[in-house]
Structures are given as C-alpha cells and as structure tokens.
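Dear colleague,

Please find below the structure that I am handing over to you. My notes on what was found in it follow.

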Amino acid sequence: MPKPKLSLFNAMENNPHEKSNWIQELSNQSWNLELVVSGAAIFSTSFLPELSDRAIASYYENYQISSDLYNQVMPTLAYSFGKSSAYLLIFTFIVHFIFRAFWIALVGLRAVFPNGINFDNLPNTTKEMAEMYKQKFGTLDSYIVRLDKLCSQIFSIAFVLVLFSIMMAFLYLLGFVATIGFKTYLPTIYEKTKPIFLVLFGLIWLFSMAIMVAGYNEKYREKPIVKRLYKGVIEKSTFLYMGMYKPVQYINFTFGSNMPHKKYFKSVIIIGLIFFTISMGIYATKLLEHAGIPMMESRNYFSSGSVEYKIISGYYDSQRGEMEQIPEASIQSDVIQDPFLKLFINYSKYLDEDLSKICKEPIFADSLRNSQKRPLRDKARIACMTEYFQIALNDSTISSTEFFFEETAQAKGIKSYLSTEKCKIGRNTLFIKTLQTDSLPKKVWGDYVAIPFWFSKD
C-alpha cells in the first residue's frame with residue numbers, strides 16, 4: 001500500500017528548522033504586502049472619522065432618551081474613543097507607508113551604489129568629520145536593516161490599534177443595544193435594576209483593579225491567594241476582548257518579551273497618553289458643539305454662540321446640504337416670498353420624555369380593525385404635538401396650527417403651513433416654544449428655537 005504524500009506544510013511542521021527558514025524568508029518578502037495593505041488601509045480608514053460623526057448624530061437624533069448632559073456622557077465618550085482610534089489608525093498607516101517607501105528608495109539606491117556611503121570621499125569634509133559621520137551614521141546596509149525592522153514594528157502596532165478598535169466597537173455596541181433595549185422595552189425593570197447593576201459593576205471593577213495592581217507587584221504576585229485570583233481575573237476577563245484576545249496578545253507578548261521592560265512600558269504609556277489626550281479633546285469639542293458653544297475659534301470677535309445674532313444655515317432647506325442633519329426645525333429659505341411658511345419641526349427621540357407626560361394613547365374597541373385604529377391614533381398624537389409646541393410669529397402667537405407627520409431622508413417630524421399675511425417687510429422671527437411639563441398643570445412655555453427670516457412680497 002503506497003504511503004500518503006506529506007504536504008509542504010506538514011513537512012515543515014515535522015522539520016522545525018525548515019519551518020523557521022520558511023517564516024524568515026516570508027518575513028523578508030513581507031514589505032510588498034505591507035505596502036499594499038497600508039495603501040488600502042489608508043483609503044479605507046479615511047472614511048472612519050466621518051462615519052463616527054454620522055453615528056453620534058444618529059444617536060442624538062434617534063436614540064437619546066433625554067436631553068440631560070448625563071445621558072450624553074457615555075455615548076459621546078464612546079464617539080471620542082472611536083474617532084481618536086480612526087485618526088490614530090490613519091496616522092499610523094500613513095507613517096508606515098512613508099517609511100516603507102523611504103526604505104524602498106534606499107534599497108534601490110544601494111542597488112546603484114552597492115558599497116553604500118564612501119566616507120573617505122565625502123565632499124568638503126575633513127578626515128575628523130568623516131570619522132565622526134562614520135560613527136554617527138554607520139553603514140547603509142545596517143540602516144536599511146534597522147529601517148526595515150522599524151517599518152514592520154509600526155505595521156504591527158497599527159494592527160493592534162485596528163484590533164483594539166474593533167474590540168471596543170463590539171463591546172460598546174453590545175452594551176449600547178442592551179441598555180437601549182431595556183430602557184425602551186422594559187423601562188420599569190430598567191429603573192429598578194439600574195442602581196443594583198451600577199453598584200455591582202463598580203464593586204467588580206474595583207476588585208479586579210486591586211487584583212491586577214497586586215499581580216503586577218512581584219512581592220504580592222507570589223502569594224498563593226493573589227496568584228490564584230490574578231490568574232482567575234486574567235482568564236475570566238478575556239471575553240472583554242470580543243474574540244480579539246489571542247490576535248492582540250500575540251503581538252503584545254512578542255513586543256513585551258523582546259523589548260527591555262522599561263522601554264516597553266514607556267512606549268505603552270506614551271501611546272496611551274496620546275490616545276487619551278486626543279479622545280478628551282474630541283470629547284470636549286463635541287459636547288460644546290452639541291451645546292452650541294464654539295470652541296477653538298481663532299477670530300477674536302466672531303460669534304460667541306448666541307442664536308440672536310447668528311444665521312444657522314441648517315434652519316433653511318435652501319442652504320442645508322443634501323445629507324446634512326436637520327436641526328430642531330427648518331423653513332424653506334431665509335428669504336420668503338411665498339404665501340406660506342413651510343415649517344418642519346424635527347421629532348428627536350429625547351422629546352418622548354416630555355411627550356409621554358401629556359400624550360395618552362387612545363383605547364379602542366376590539367371590534368375596530370387596525371386600518372380604522374391608525375387614523376384615530378395619529379389624530380390623537382397630532383393633538384398631543386399641537387398641545388406641546390407653541391408657534392409664534394414675531395410678537396403674535398399663532399392660535400390655530402395644523403400639523404402633519406412627515407418623514408424625510410434625514411429626519412422624522414411634523415410639518416405645518418403658516419400664512420405669511422401677518423409678516424412685515426424685512427426681518428421676521430419665527431419662535432417655536434415647548435410646554436414645560438414639569439410645571440403642569442400650570443402651562444408654562446419655554447424657548448425651543450428661533451428662526452429669523454426676511455419677507456418680501458413679489
């Protein structure tokens with residue numbers, strides 16, 4: 001009976017020396033793959049910052065349950081981590097691409113001049129300076145080898161960042177879906193279990209951090225109880241990597257076991273500080289931007305953020321970009337010549353908190369079909385919206401406002417057509433106010449948005 005033939009891979013598995021040579025040869029030829037992957041990664045990751053902006057805008061629009069600052073902290077923090085990861089990825093891949101291209105240039109230069117630098121023939125240089133340059137620069141071959149290793153290290157760091165970003169994205173997505181799901185579909189259970197969960201999570205986190213700190217200290221690490229707890233915490237926490245534990249640690253352990261420990265920890269701390277600094281900068285900027293407060297304005301006397309003296313292009317359909325998010329409300333243009341103002345009020349998710357206090361879903365008889373229930377239900381909801389929003393033109397409150405539901409590519413909301421008969425020639429201001437539900441049963445209206453426009457008759 002003929003013996004089965006061994007594949008090349010099986011042969012290398014049985015011959016460690018041959019396998020090592022194959023891997024070394026593969027690593028020597030990896031530069032061309034690195035260039036291809038870096039170029040593709042630069043192109044692919046260039047969309048991530050914009051994708052992060054769209055994700056947080058979608059959250060504010062569709063999932064933010066309350067307008068309180070507390071409810072914006074964690075999503076905005078996740079957004080800042082995601083966007084800073086995107087910027088770091090782009091920067092790292094660009095650096096790698098430039099360094100690897102420089103390495104290719106040096107390899108090509110060496111092919112033309114195999115002897116490298118001839119220090120004895122440097123122009124306008126004394127022997128002492130030539131000797132100094134020789135000690136300072138070394139040979140071209142040694143520099144090419146060092147640069148090749150540096151490029152491979154940068155490439156590995158870039159992919160650690162990629163894996164870390166994927167891990168954080170999955171981890172946050174899991175927590176986000178679970179939290180929003182409980183808040184939306186099981187609000188009573190969520191409110192009751194939230195304090196218990198937060199206390200339990202805090203205690204587990206503090207205990208884990210204490211064990212990790214003790215485990216890093218050689219003095220305590222050798223104690224049997226600390227050793228068991230340290231090992232247990234490491235093993236049980238691997239699920240937080242969302243399937244990325246082994247890929248991340250292969251690179252991490254390779255660096256950590258081959259670099260001087262001080263240099264390794266110093267590098268990790270520097271990368272962490274850079275990441276944290278960028279994240280906090282993006283975080284603060286986004287919170288202030290969402291609150292309408294300008295930041296990093298280089299012009300000393302530009303707007304301080306007050307809406308009374310600033311034209312916001314998002315309020316006007318004619319000025320807003322096709323894919324730009326609609327703000328709280330909008331009209332067709334900043335200059336109106338039409339007989340009617342087309343007012344659209346954006347229905348953001350966080351308005352549900354107030355609307356739930358005044359809106360009551362009608363109860364229908366079982367004999368009614370769904371097709372009969374829908375218009376009655378929508379009528380009740382429109383009546384609720386009419387009670388919640390108050391519209392005023394200049395100094396006059398519009399007493400009768402007819403609303404219709406409308407859905408656009410960017411938002412869902414209500415629309416009304418307001419007569420321009422009472423508009424004066426020139427500047428007018430459309431005020432939208434909301435019912436302060438905390439003051440019920442007394443009806444008090446608070447400012448929501450003011451839209452200036454200019455009226456001109458045909």
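**Cysteines and the disulfide**

At a relative accessibility of 0%, Cys151 counts as buried (buried means under 20% relative accessible area, exposed over 50%, and partly exposed in between, with a 1.4 Å probe and protein chains only). Cys423 is buried too, at 10%.

Please note that this is a predicted model, in which local features need pLDDT of at least 70 and side-chain atom pairs count only at pLDDT 80 or more, while totals for chains, interfaces and linings use all residues. Residues are numbered from 1 along each chain as its sequence is written, and side-chain values use heavy atoms, with hydrogens and water left out.

The search of the whole structure returned one disulfide (a pair of cysteine sulfur atoms within 2.5 Å). Cys359 and Cys384 form this bond, with their sulfur atoms 1.4 Å apart. The torsion about their S-S bond is about -65 degrees, so the disulfide is left-handed. Cys359 lies in the loop between helix 13 (352–358) and helix 14 (370–388), whereas Cys384 lies in helix 14, so the pair ties together parts that are 25 residues apart in sequence. Helices (H or I, at least four residues) and strands (E, at least two) are DSSP runs, numbered from the N terminus. Of the two partners, Cys359 is partly exposed at 25% relative accessible area, and Cys384 is buried at 5%.

Helix 4 (residues 48–62) has 15 residues and should span 21 Å at 1.5 Å a residue; its end C-alpha atoms are 21 Å apart, which agrees. The expected span is 1.5 Å times one less than the number of residues. Buried residues in helix 4 include Pro49, Ser52, Ile56 and Tyr59.

Leu198 lies in helix 8 (residues 187–216) and is partly exposed, with a relative accessible area of 45%. Together with Phe197, Phe201, Trp205, Leu206 and Met209, Leu198 makes a nonpolar surface patch of about 660 Å². Patches are made of residues with over 30% relative accessible area and no salt bridge, nonpolar side chains (Val, Leu, Ile, Met, Phe, Trp, Tyr) being joined within 5 Å and like charges within 9 Å. A salt bridge is a side-chain nitrogen of Lys or Arg within 4 Å of a carboxyl oxygen of Asp or Glu, and accessible areas come from the Shrake-Rupley method with a 1.4 Å probe, only the protein chains shown counting as cover for residues.

**Strand pairing**

Strand 9 (residues 445–455) runs parallel to strand 2 (residues 335–336), joined by two bridges; strands pair if DSSP finds at least two bridges between them. Here Val335 stands opposite Trp454. Strand 8 (residues 426–435) runs antiparallel to strand 9, with ten bridges, and Asn428 stands opposite Phe453.

Yours sincerely
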